[in-house]
Structure formats: C-alpha cells, structure tokens
Amino acid sequence: MILVWLLLLPLLAALFAPQVEHWRADGSRWLSLTALGLQALLLLAAAGGGGDWWLESRADWLPRLGIGWHLGLDGLSYLLLWLTVALGAVSVLISWREIRQRVAFFHCNLMLSVAGIVGVFLALDLFLFFVFWELMLIPMVLLIAIWGHDNRRYAATKFFIFTQASSLLMLIAILGLAFAHQSQTGTLSFDRDALLRLELAPGLAYWLMLGFFVAFAVKLPMVPLHTWLPDAHTEAPTAGSVLLAAILLKTGAYGLLRFSLPLFPAASADFSPVAMALGVAGILYGAKLAFAQDDMKRLVAYTSVSHMGFVLLGIYALNGMALQGAVMQMLAHGFSTAALFIVVGMLQERWHTRDLRQLGGLWTQLPRLSGFTLLFALASLGLPGLANFIAEFLILAGAFQRSWPLTAVAALGLVGAALYALLLVQRGLWGGGAPAPGRHDCSRREWLVLGALALALFWFGLHPQPVLDLVREPLVQLLDAPHHAAESPPRLPVGSWL
Amino acid sequence: MTELPVEHGLLFAAALFCIGLVGVLIRRNLIFILMSLELMLNATAFVFVLGGALHGNADGQVMFLMILTLAAAEIAVALALVVHLYRRYRSLDADRLEAMKG
Amino acid sequence: MTTLFYLTMLIALLAALQVVRGLNAVHALLHLIVALLALALLFFLLGAPFAAALEVIVYAGAIMVLMVFVIMMLNQGDAAVEQERAWLDGASWRGPGLLCALLLLELGYLLLASDTGSAGWRPVAAAEVGRALYGPYLLLVELASMLLLAALVGAWHLARALKNRRGEES
Amino acid sequence: MIGAAELRALLPLMLVALTAIGTLLLAGFRRDARLAALGYQGGLLLTLLTLPWALPEQPLEVTPLLRIDGFFGYFAALFVLVAMAVGLMMQRQVRSKTSGERVEESYVLLAICLLGALVLAGAQHFAALFVGLELISVASFALVAYPCGGRPSTDIRQRNSLEAGLKYLVLSSVASGFLLFGIGCLYLDSGSLAFAPLPPSTSLALPGLALLLVGVAFKLALVPFHFWSPDIYQGAPTPVAALVATLSKGALFAVMLRYLWFGALQELETLVPAVALLASLSMLGGNLLALRQRDIKRLLAYSSIAHLGYLLLVLLAIGHAGVAIEAGAFYVLAYSLTTLGAFALIGCVCEAGDEPDYRLEAFAGLIWRAPLLGASLMLILLSLAGIPLTVGFIGKFYIVAAGVDAGLWWLLAVLVAGSAIGLYYYLRIILIMLAPQSEPSGIGGGRWLVYGLTLLLVLLGVYPLPVLQWLPVL
Amino acid sequence: MAALLLWIPLMPLLSSLLLLLAGARLGERPVALLGVGSVALSALFSLAAILSFSASDGVAWGIETLPWFSALGLEVGFSLHFDGLSAVMVGVITGVGLLIHLYSVAYMAGDADFARFFAYLNLFVAMMLILVLAGDFLLLYLGWEGVGLCSFLLIGFWYRQPENGYAARKAFVVTRIGDVALALGLLILVQQFGMLNIQDSVDQARQLWPGSDLAGWVALLLLGGAVGKSAQLPLQTWLPDAMAGPTPVSALIHAATMVTAGVYLIARTQGIFMLAPQVLQLVALVGAMTLFLAACSALVQHDLKRILAYSTISQIGYMFFALGTGAFSAAVFHLMTHAFFKALLFLAAGQVIMSLHHEQDTRRMGGLLRPMPFSALCFAIGCAALAALPLTSGFYSKDAILLQAYAQGGAGFAWWLALAGALVTALYSLRLFVRLFLGDCRTLPEPDNRPLLCWPLGILCLLALFGALIPQPLHDVFSAAPQAHVPLPVHLLVLAMPVIGLVAGIWLLLRHRDWRQAFATGALARWWRAGWGFDVLYDWLLVRPLLWLARVNRRDLADLPVQLLVWTSRICHQGLSRLQSGRLRHYAVGIVGGAVLILAVVL
C-alpha cells in the first residue's frame, strides 16, 4: 500500500492544484511541498525491509495479455526515490519566485512528472514501466514548452521526439521479450521476474537488448544521442532543468540497471566494450563542448553529458565497484548539476542573462552565491571530499579492471572537467567588469536550498557508506546472474601489459 | 451459345476498362468523365457476366444487377452535383475544382 | 458466331474510344449507347439474356436518358465543342495514355497467363437469375433498394437547393 | 432459408434500415431537425440495446451473404456507437447554426451509411461486400456534398463541399471499378462469390487480389491512393468527415480482416510485398504530409493515412500472429474513438464563429480559454500519437505486438520512423494550444460530446479490459 | 595520542570552515586570532606528536579513525599514519606555516578579503596536513587535490585581474594532468590489492611485485603525479605564473610546502620505486634536468618573484635528483632546509615588494641596503643558504644530496648537471642580492618594519642558518643507503662549487659589464627567460588546438545528422504537398499509378 500511496500522493497533488489555488494564491506550492513531504514520510516508513524486495505490490491489470500491476521497492529504487523527493522539493522551492504565471498548472505538471518518475523507479512489470516511462515525459515537455525560455518550442519538440521515438524501440523490444516468453511457456508475460527466467537465443537477445539500450541511452544521454539535452536544459525553466538533470536522466541509468543488464546478461556483456567506449566518448565530448560554451546553462547541460558518460562507463564495466560508483554518480550528479542549474537560474533572475561574455566579477557583488557556485563547480570537477569524487573514483576503479586503456582515456575527462568547471568560475565569478550593483545576495529560501544541496554533496562525499550499502544487495544480485559468472573478466589483465 | 476463350473476354474487358480509365484521366469535362466511368463499370459488369456463363451460375448476373443499381444511384447523385457545378462556375471543367489543395 | 463475338467486341471498343475522345457530348453519349448495346449483345451471346435485356432497358434506356436530359438542360452548344478541342490537346493524352497502356499491359500479362478452364459453359436463363435473386440473394435485393433510397434522398436533397436558388434568382 | 433465428440475427440490420426509413417518414411528416434526430438516435439506441439479444450463441450464417457472430457483434456495436456520435455532432451543428440548414435527410443518409457498415461487418460474400461498400459510398457522396443542398450556408463551405463531393464521387467510382474488376477476376477464378480459401492452383486470383487491393487501398486512403482524403475531410461538413474517417474506413477494414481471416491467406503471400509497400508508404507519406499542414482537418486526414498504414501491419501479421485479429479490431476502436473526439472538438472550437476557421491557430491558447477542452485536445492528440494512458497507446501497443509476433521488423522500423515524424505535428498543435492566448474567441456547443469521448478514450486507455475480454470472442 | 594526531589537521580545517561561513562578519582581529591561533594549536599538537614519537623511539603509529567507505572490492578508511617522514613534513608545515600566518596578518592587513584569505590559507594547511598524515592513498589524494584547490583559490585571490584568474586555472589544470596519472596509479593498486592503505600496499608490492612490470607502471604514474604537483619537467610551467598570488601564499604554498608534495609522495612510496630502478633513474634525470633548466631561467628573470619561483623549481629538482639516486633522506633533508630559506626569501621579498608599493621588477630596484638593512640581512642569509654557502643549512642538505648521489651512482650525466646547477644557483643568488640591495636606488622605498613582519623573518633567518641541526628521524622510514666511499676530490669539488660560482659571479659583476649586457639581451637569455619555451610549445601543441576545436564545434556537430533528418523530412513534406494539387485528374493518376505499382510488385 505504501508503494501505491507513493504514486498517488503526487497525482493527487497534481489533481487538486488548481482547486487549491482558488483558496490561496500560493496554495499549489504548499500542496506540492506537502505531497513531497508525505512521500518522504512514507519512504521513511518503507525503509529497510528484507528479502529481494522490501515491499511489493501486485494486482491484475490486463491478465489476458499477461500485464500486471507490479511494483517493487529495493535499495536501488529506494535511493532514487529519495533523490526524486528531495529534488522535487527543491524544484518547488526554487520556482517559488521564478514561476509567476499559471502557477497551479506548473505544479500540476511538476507533480505529474514526479509521479511518473516514481512509477518508473518502482515498476517491475515492463508494460507498467513503459507506461510510466512515457508518462513522465509529457508534463516535462509541457514544463519546457510553457515556462521555458525563448527557444522553448524547438527544445520541447526535440526532447519529445527523441525520447518518444527511442522508447518505441523499447516497446518493440519489450514485446519481443513477451512473445519470447509466450513461445517458451505458452503465455504472454511482461513481468520482470518471469522474463528473467527466459533463455533467449543470443542473436535475438542482442537485438532486444539494443532496443532497450537505445531508449535508455537517449535518456541518459549517451553521445551521439545527446543532442536533445543541451537544448532542453537550456530552454527549460530552472525547476525543469533541475528535474531533468537530477532525476529524469537517472531513469535511463536506472533502466539499464534494472532491466537491460539483468534481462540480457550475456548480450550486455558482449555489448559492454561498445557501451564503455561510448561512455568514454561522452565523457570527453561533453567536457569539450561544455568548455566551448558561452551560455552558462548550456555549459552546465553539457557537463551532464560528460557526467552521465561516467555512469554509462560504470554500468557497463559490469563489476560491483563500478556499478556502485555509477549509482553514486547518479546521486552526486543529481545534486551537483541541479545545484549548478539553480545557481544559473538565480543569476539569470538577477541579471537576465546567462551569457558568460556579459557576466564576470560576480564575486564582488554576490559573495555567497558565488561561493556556492564555486563549490558546485568543484563538485562537478570531482574534487575529493565531495560526492562526485567517490563516484568517479569507483567508476574508474571498476572500469579499470575491465579495460585499462578505456579507463585511461576516461580519466582525461578529469582534466576536461577541471577545464570547464574552472572556466565557469573564472569567467563568471572572477574578473573585473562587474555588472550593475544593487543585486541582493541569496535570500533565506535560496540559502536553504543551496545549503542543503551543498551539505548533501559533502555528506555523501565524506560518508557515502549508506548509499553504497543501500545498493549493494541489488547490485550483487545483478552481477550474480549465471551468465555474468562466465563472462566476468579475468582478474589480472594488467599483469601482461608489456 | 458460343465458347469464347475466357482470356479473350477478359482482355476485352480490360481494354474497355482502360479506355474508360483514359477517359477519366484526360477529360476535363465532367460529363465525359461520368461517361468514362460508365464504360469502366460496364467493363467490370462484363467480367461478371462472363464468369456467370463460364461457371454456369447466376451469381454473375446478380452482381451485374448490383452494378447496374450502383450505376443508377451514382449517376443520380453525380448529375445533381454536376448541375450544381455548372450553376456555380458556368462550366463543367473538373479542373475548376481546385480550391482545396496542399 | 465467334466472328460475331469479336466483331461486337470491336464495335464496343471503337464506340468506347469515340466516347473518350469525342468532342460533342451528345455524340459521345450516342457512342456510349452504341457501346452499351454492343455489350448487351455480348451478354446475350454469352447466354445471359436477362442481363442483356437489363443492359438495354436500364442502362441504354433509363440512365442514358438521364444523362441526355442533363446535357440538354445545361445546353452547352458549339462553344463547348471548341472548348473540348482546346482541352484535349495532344499533350494531355500522352501521360495518362501511357499509364493506362502500362496498366493494360500488366493486366493483359496477368490475365493471359491464367489457365481458367471452360468446363461449365452454360447459359443462365432469366428464371434462374430470378430464383437466385429471391432466394439466397433476397437480402441483397433489399440492400440494393436501400442503396437506391440513399441515391434518391441524396439527389433529392442536392436538387432541392437548385430549386431554391432558382427561386431566389428569379 | 430465413427462419426465426436468422431474423433475430438480422435484427440489428433491420432496425437500422427501419431507422433510416422511419426518419425519412418523420421528416416527411414534419420537418423538424430535433424530431429527426430523436428518431435517429432512438432507433440506433434500440439497435444497440437489442444487439446482445440479437447475437446468436453460435456463429450463424444468414443467407450466403452474412455471417452473424462475435466479430459482427463487436464491430456492429462499435459502428452504431460511432454513428450515434456522428449524429450528435450533426445535431450540435444544427443548434449552433440558426440559418436552418435542412438536416433531416442527413440522418437518413447516416443511417444508410451505418447499414452499409453493418453489412460489411457481417459480410462473408463479395456481393455483400460490394453492396455494403456502395451503401456507405453513395450515402456519403451525398453527405459530403450536403451543404450544397441546404439553404445558403456560407459560400466557401458550399464551394468546398461541392468540390469534395464531386472529387469523392469520381475517384471513388474509379476505385470501385478496380475493386469490381478484382472481384470479377476472383469470381471468374473460383465460380463463387463467397469468401473462401482460394484454390491454390489458379492464377487469376493474383490479378484479382491485386485489383481488389487497389480498391481497398483507395477506400482506406493509403498512399498513393490517398489524394482524395484531405480534400474530402476539408470540404465535407465536420461530422461527415468524421464519418468518412471512421465508419467507412473501419467497416472496410473489418471486412478485409474477415476476408483474409477466411482463408485468402496463402494467396496473400504473393501480395505481401505490395501490402508492405503500401503500409510503408502510408506510414511515412501520411506523416510527412501532415508535418507542416496548417489546416487541422487536412492534418487529421494525413494523420489517418498514417494510422491506416499502421493498421495494415495487422493484415500482414494475420497469418503469423495470434493477436493480429484482436489488434486490428482494437485499433479500429481506438482510432475511431480518437478521430471522433478530434472532429467533435474541431466542431466545437473551429466552427464557433460565423465563418469556420480550420487553421491550427484557431486553437491558440485554447487551454487557457477552456481548460477542459484544451485538456481534451491534448489527450486526443496524445492518443493519436500513441502515448500511454490513452486508448491510442493500447492500439499502437497491439499493432506493435502483432508486428513483433509476426516478425515484421522492417515495417516496425518504418513504423517507428513514421511515428517519430508524427510526434512532431501532434506536439505542434499542443504547443500552439499552449501558446499565450491571442484573441478571445468563442467556443461552440457540443463540448459534452468531446468530454464524453475523451473520458472514454482515457478510460479505455487505462483499463481496456472490458473490451479486451470481448475480443477473443471474435 | 591518536586524538592528538586527528586534531592536527582538524584545527585549521575547522577554523577555515568557520572563517568561510562567518568570516565576512568578523573583524580583522578575531579573524587573525582564529586563523593564526588554529595553526599555532596545530603546531603545538604537532610538536607534541613529534616529541612523543621521538620518545617512543621512532615507532611509526597509525590510527584507523573512521571508515570512509567500503565498496564491493575496495575499502577505504580515514586512516592517519605518523612516522619520521610525516613528522618532518608536519613539523615543516605547521612550523613554517605558523610563521607565514603571523607574517600574513601584517601583510594582508587592510585587505577587504582578509577573512577569505585566512580561510583559504587555513584550508590549505589542513589539506597539506591531511596529505602528509594520510595513511590511505585516497585520503592522500584528497589532500593532494585539496591543496591544489587552495593553490588555485589563492593564486586567483585577487580575482579582479583577469590574468590572475588565468594563472590560477593554468596551475590547477596543469597539476590536474599529473593528478590523473596519480589516480591511474591508484587504480592499479586498487585492482591489484583491493585496498589503498599506503603502508600495506607498499608492503604487498614489496612482496608480490619483484620482477613484475607493475611496479614500474605504478611508479611511473606516481611520478606523473609528483611531477605535476612539484612543477618538474614537463609540467613545470604553472609555477612561475602562480606567483600572481599574494606573497605569503607564494612562500607557503609555492615554495615551502605544497610543491614539495611530489617529493613527499615519492619518498612515501619509496618501496614501490625501489622495485623499479628504471623509473628511479628517470626521477633522477627529471630532477637534474629540471634543476638545471630552472636555474638557468632564474638567472635571467627580471621579476623578483619569478626568480624565486624558478629557483624553487630548481631546488625541488635537487630533491627529485636525490630521490632518484636513492638519497631519500637527503631529499627530505633538503626539503626541510629549502622550506626554511625559501620561505625566508619569499617573505623578505614580500617586505621589499610592499615597501616599493608592489613593485616586483628587479630592474627598478637597487640600493636598498641602506634603507632596508633588515631585509638585506634576511636576503643575504637566504641567498647564502640558497647558494649553499658553507655553514648555512642549505649547504648541508645540498652537500648531502650531491655526495650521496655520487656514492650511489657515481658521476653520471645527471650528477654533473646537478653540480653545474649548483654553480648557476650561486650565480643567480648573487645576482638577486646585488640587484636588490647594491647599486643605485631606483625606487624610493617606504620601509615597513612592523614587528609581525619582522619576527617571523628573524626566526626563519635562524632556521635558514641552523636548521640543518634539527634532527630528522628518518632512519626507520627509508632503508638505509649503503655507505660508499666518496673520494676527497669529489668532496672538495662539491664544497667548492658554490664558492666558485660566487667568485665567478663577483668577477663578472665587477669586470664584464658589456658582456653581461650583451648576454642579458641575447636570444639565449630570452629563451631562458621564457622558461625554455615550454609555454609556447604547449600553447601550440595543446591549448590552441583545444581552443580551435572548441570554437569550431561550439554548436555540436553531433546535432548535424538530426538537422539533416529534419531538413530531409521538410523537403519530403514540401514535395508531397505539391503533389496534392487539388486537381481531380491528378488524383486519378495517383490511383492508376498506384495500381500499376501494385501490379508491378505482384508480377
């Protein structure tokens, strides 16, 4: 029941947002916050079950087609749900003043999107997963299209088409699995548990895996399928960017972990060199593009490409360390990039420009905000002590065990990160030409949001153990799939280097 | 009762059909277009009658009757529209009907 | 008899050609009637006297009369012939003609390749058709009546406006 | 021949025919649009209500022409519902126009259309196919050109409907010619007009089927036989366009489904490349044509071209995939429901003013003007695009399922590509709808129909089980 | 005792956090108190730790304070380790750091960002202490990157000048290239041992790796890290630019402590390096080359702080040379004495610069002996130690390096370079002193002799002179180098080299004015002045291509296929729409054409 309520709460909030606004001008904001708060309470209540799934919820939906309502909560989803709730709340808080028009509808969309994301993180029936997967996009598209910046239509359309078209491929793959199940057992099934037991022919498995992979890779995003991301991020309102960067991108990685790898262990292992190479390409290419940008928000957007390249690399390194690193990176990227988007949003609110050529010398004006910017830029470049570092180190350490040359190239991404992050600091915060004075520094609400994010980054940088423990069990299970055991790389490839 | 090679009958029907088709394609006058349509329908009717004779059952002629009905129904509506067209444009030019495109 | 067959076919085709390339609507209509009569003869020769009769009565009779009526009503005159001549220049023939020839070629190829036997050649008398119509195809007849009803209602509705408008014009 | 059981099974058809005649008589008795509507809707409601009773337990052959079974029942119910919705749209139009167009006849014609559709739903014989088809066609010729016959409505409407009517008539007749020629070949081949497995040896069946396909493709408006459809959609009165888009296409598709199901399958093998070609061309061409279309009705026409292209996958899958029939049946439902919703909404929004405005810009800011209508439009478009929680998604899901089951990978790839293009223009309308309101313009009547259809669309999208449970009866 | 160790880095860390969060609201005095006090406490704790360490007869002790994280296949803890090497480093950092903090209170007085300065400075001290106390490689890496960050922040401390920001970024990025190498080295360790504890890893390596290439690779990658942080060839280019920061920063970070982190790292992982003799030779070569090149560059610089910067590079080159030749304790010894005299030089230079209103160009200095005798004294002592004149601390350490190196490997190429470097060192030391204090007075100074400026200098003078007497408990850390006989001529040569340099310098100074002039304006001098052209080289090789790439691909080429698709579908749309001509006959052609098509497919 907890799981159902987790889903229902944001839905209800979305439903009642317009009504509440009639009573109170900012009622919908409080309503959203309340819903998220209640979700957090539910999550607290749900913590720490035993077994494969801490909580499960099953019901019939379309039994004729083998489609069921099947939700499940384990450490991995638990972690991502927390991320969702936390950043959902952050999104509400930061749009407090930015969004002044059609507030109720805004929160309606925000909450719908959150509901979809929660569903994605919980669904264990592939059909249900697909439904949520599509569903979280629509409100997101609307967020971009209604409250976005100048070029919002283009960005929204691109986002929509990229994600939807790729997810159709996933739908085909899902159906392929279901029919494979039918041919083996005589009944259709979309249930993950049932599909895990399938014995697929290698060729078929590879193609189906690709279907899943493409959908997830677009969402991740993976180079060269990333081009929707900078546009979407740049044009979205701050809350939209936060939601996109912090949570939506994670659904891609989550999908890989939850479905792609366990359903097609052998095919994934075969495919992993390609995926890792693409991940590395993403790391470097994203960094390079970030370095080239003048638009602050676009810069941050491209850093996402780079960071999520690490996630891809980590996931397809297919060992515990890298997988844990990838999950950690999902979390860390969620916090750090969201924070950077928030900062950019605040700067834009004050100066009505995001162009680094026009900014500069902000430190003089806004020491606090600049301090936060600096901190988040440092997190983005993977400074030890902050969460991103743990993540990247674990990913690299794990990936190194699988392919040292790729990892060596990927590590260059650290230099790239230094280049763009410090460029941001240097061009935005330092330098002379300070814009017109008289802008107020952080308000209390902004302080709260940024401070909380900074705290989270420090906390998980210095004490990542809770996260690692949460996901240990699911990841170990993932790796214990029988096919992986045969595929696991030899322990000492480095010994024969020379 | 003559035994006509079926192929020849069919070929005749096809030829008649195509002649009608050419008429539809090249004429601009709607009256001619309608007449060409009649030719096409008759060509098909011939096929059915031929079939009925070939297999010795009545189905072919029943179908012929249906085609006849259709032709009558169609021509009634069509002529009403043609008259409208003429009233409107003082012409029977089918190419005048191009307000909607793209 | 076979000669008569082919001769009739030829007449039908020639008349059809005249319909398609005719300039004067009334002449074309007459050619059409010739073609229909030729078809009726063919039907008769094929042992379908009922069909032949209907072809003459309903088609060449009723339907064509309707057309004559309309043509006369619109009363286009000689200007129309010139108009037709202008519309039917060589260029407008070529493309469609080629396309249709292609179609005929394809159809001919497919049809001539058939090896339909001619086992059951048998004339089908009017009585037989009548039995079929009021036996298994009774429902069809009813539906055909609905079809005619539809045409009736439609044509009547469309024609009504003409009456109205004429009233307005006058 | 026709006994009590047969008569009972024929009840729906008889009721519909009676509705047509009754409405005509009512109109003759007193020219009152409301009365005619009442008669029409009452007759159809009665048909719908008696339908479960009329359906026999076992499939029943009523004369060689019809086969009354679950398949018939499903489609009959669907078509009656569609016809009722179209009737409602028609009624709304009367109420919004005080000019007093004579609409009584249109109900008669609608009923005849429906009769044709029911015949098609039950047809197991080419004669029935032909007559059913022509019933729909002839009635819709008149309906498309309907405004010509009324008292002067606006000039553009008259001009367009005249043009549409003539184009439809001529082109449809040409297509009928092809269809008939095809049927003739098949008849010549087998000596029977009943749907039956074709004898394997004959070669006349091939040109027959090919020509039949031409006729069918025209009626379904598949590329390259699609040219008529945008003009007809644009020119016809909106309810009639809805009728042409849903009823005639759906009925023809139903009969093709049954024909192929009855055994023309092995012959289809040689036709597969042709059908696949048509499907691909339609999926791509339809969506491409709609891409930047500025007229909402034409856009819908193009989008239905694409949808019928998707639907063609079912025909190809029918021999290989168990779900194909179900998929086809459900997709017709989903497509009809969504398209009806779209047209109802067009009637509501675009025809509010004196002069109908079918530009996409008519929807600008709709969601702020009329939030519920805007939401409905959004849901309808999402359903067309096949996004979950709408009936369109279940439909597309089914289609893809059939394609996957039958292994039609290339066509699925084309489907994905086509859908991707389609997303663009669906979203484009949504974005226009979301734009800040330009100028305030009124909203016409008939919004309850839109809400109802949208609700149904969502309900069946979330919980299609009732329909799904019915499908295996087919 | 363990808690004591923990508090050594924690004190400055806490005060730094406090200053960062609340510093802007505090006055200068509380800030200074907090900043200096925390370091003083830290120094006190260090002293206590060192004393108790000595008392316990030099047994290394480490503490596992907290687990950091344990992932699947890797466990890392916040463990600290204290042994002789750490003791020396901690002593230097807190001792010199305290003095520099004191000095900074005076130096930075009145700056608007006083609190921020101390926050960064304390953060730096904390990070440096973490670096040297870390018992785990990952913690060391944390400190390693942390000091880099502080260096970045402090170089860019006066952020309004764009060139400062540029220098800061350059420093960070260049060192990060080294850091990547270091990280890769750690990755090998993780892969091999599944842990990153320094002592255990080194022990494991000792046991498992003899004869394996792995040691070589790890050592090479660690060297990469060290080279970056310590500004050795080929990553030395950032340090001269780093002089953009406030002078106390240069003294603390870019002379005394941070830049020696590389030396510390190699000394710390000596066990691994010993398994890879080729890499060790490479270390020596890198050190020797660097020391010579940098010394030459120092000889021709005009900017006071750049001279000192190159001299720092050069001196660290000595340390590397020592490490490479196996003279580990000599290297650490030199590290300490260098910290003393280089800090002294920088602080004195800071005093001079302040007195001359932030004039740094030595060409506009001169004749300061009379107005600023104290500074002159400091400089004299500093330069003497730098030049390794006998009886100064620098003399002992450099002597130790050269002699031990000779004893280990004889007089190789590297050794001769090092010897030549000693000569050049003496030359530029002399030049520096002469330029500043002798000759005509070109800019009138306003001497600033606040006690806080002078006292630390005084103490550093003493340390520069007698620092060599401080005992270094290193015998347990490094495997003792086998004693070898060094012949007396070598002894004498090493002893005499600085003196020779000095004499030659004086001779040049007095006699060959024209020749000097010609040399100073010549191409060679220009080349040396530009740091042997490394900056230009890297500019052409790396920076420009990168910028070009960035400019060319700003709009993301990967988007092109997408645009192409969009364009294609638009064209198709237009074409198809044009077919939709509205004409009945054209539509009919469509039908017939379609029929032809279908029949053709069927045929």
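This is a predicted model: local features need pLDDT of at least 70, side-chain atom pairs count only at pLDDT 80 or more; totals for chains, interfaces and linings use all residues.
User: Which helix of chain D comes within 10 Å of helix α3 (residues 59–89) of chain B, and is the pair parallel or antiparallel?
Analyst: The axis of α3(B) comes within 10 Å of the axis of helix α5 (residues 126–144) of chain D, and the two cross at roughly 5°. Angles under 35 degrees count as roughly parallel, and therefore α3(B) and its partner α5(D) are roughly parallel.

User: How many residues of the contact of α3(B) with α5(D) are nonpolar?
Analyst: On one side of this contact are B:M63, B:M66, B:I67, B:L70, B:A73, B:E74 and B:V77 of α3(B), which meet D:A127, D:F130, D:V131, D:E134, D:V138, D:F141 and D:A142 of α5(D). Sorted by class, these residues include two charged and no polar ones, and the number of nonpolar residues is twelve.

User: Are α7(A) and α17(D) roughly parallel or antiparallel to each other?
Analyst: The axes of helix α7 (residues 152–185) of chain A and helix α17 (residues 409–434) of chain D come within 9 Å and cross at roughly 150°. The crossing in which α7(A) passes α17(D) is right-handed. Angles over 145 degrees count as roughly antiparallel, and therefore the relation between α7(A) and α17(D) is roughly antiparallel.

User: How many residues of the contact of α7(A) with α17(D) are nonpolar?
Analyst: Helix α7(A) contributes residues including A:F160, A:I161, A:L168 and A:I172, while among those from α17(D) are D:W409, D:L412, D:Y424 and D:L431. The residues of this contact also include three polar and one charged, and the count of nonpolar residues is 16.

User: Which helix supplies the largest share of the lining of the second largest pocket?
Analyst: This pocket has a volume of about 1,600 Å³, and of the 44 residues that line it, the closest to its centre are A:L15, A:C108, A:L112, D:A375 and D:L379. At least two lining residues each come from α1 (2–23), α4 (103–122), α5 (126–135) and α6 (137–147) of chain A, and likewise from α14 (366–369), α15 (371–385) and α18 (447–462) of chain D. The lining divides into 37 nonpolar, six polar and one charged residue. The largest share, nine residues, is supplied by α1(A).

User: Which chains have the most contacts among the eight pairs that touch?
Analyst: Some pairs do not touch: no contact joins chain A and chain B, whose closest C-alpha atoms lie 24 Å apart, and chain A and chain C have their nearest C-alpha atoms 38 Å apart. Among the eight pairs that do touch, the most contacts are between chains B and C.

User: Are α20(E) and α21(E) roughly parallel or perpendicular to each other?
Analyst: Helix α20 (residues 488–511) and helix α21 (residues 513–521) of chain E pack with their axes 6 Å apart, at an angle of about 100°. In this contact E:L508, E:L509 and E:R511 of α20(E) meet E:R513, E:W515 and E:R516 of α21(E), which by class gives three nonpolar, no polar and three charged residues. Angles of 65 to 115 degrees count as roughly perpendicular, and therefore the arrangement of α20(E) and α21(E) is roughly perpendicular.

User: Which residue does a cis peptide bond join to E:L233?
Analyst: The omega of this bond is about 0°, and its proline lies in the loop between α8 (213–229) and α9 (238–241) of chain E. The residue joined to E:L233 is E:P234.

Conventions: Residues are numbered from 1 along each chain as its sequence is written. Chains are lettered from A and ligands numbered from 1 in the order in which they are written. Side-chain values use heavy atoms; hydrogens and water are left out. Axes are lines fitted to C-alpha atoms, for helices over the stretch in contact, and angles run from 0 to 180 degrees between N-to-C directions. Helices (H or I, at least four residues) and strands (E, at least two) are DSSP runs, numbered from the N terminus. A crossing is left-handed if the near helix is turned anticlockwise from the far one by less than a right angle, and right-handed if clockwise. Contact means heavy atoms within 4.5 Å. Ala, Val, Leu, Ile, Met, Phe, Trp, Tyr, Cys and Pro count as nonpolar, Asp, Glu, Lys and Arg as charged, and the others, Gly among them, as polar. On a 1 Å grid over the protein atoms alone, a cavity is a set of points where a 1.4 Å probe fits but cannot get out, and a pocket is an open set with protein on both sides within 12 Å along at least five of seven lines; lining residues have an atom within 4 Å of a point. Grid points are joined across faces, edges and corners, and a volume is the space filled by probe spheres set on the points.
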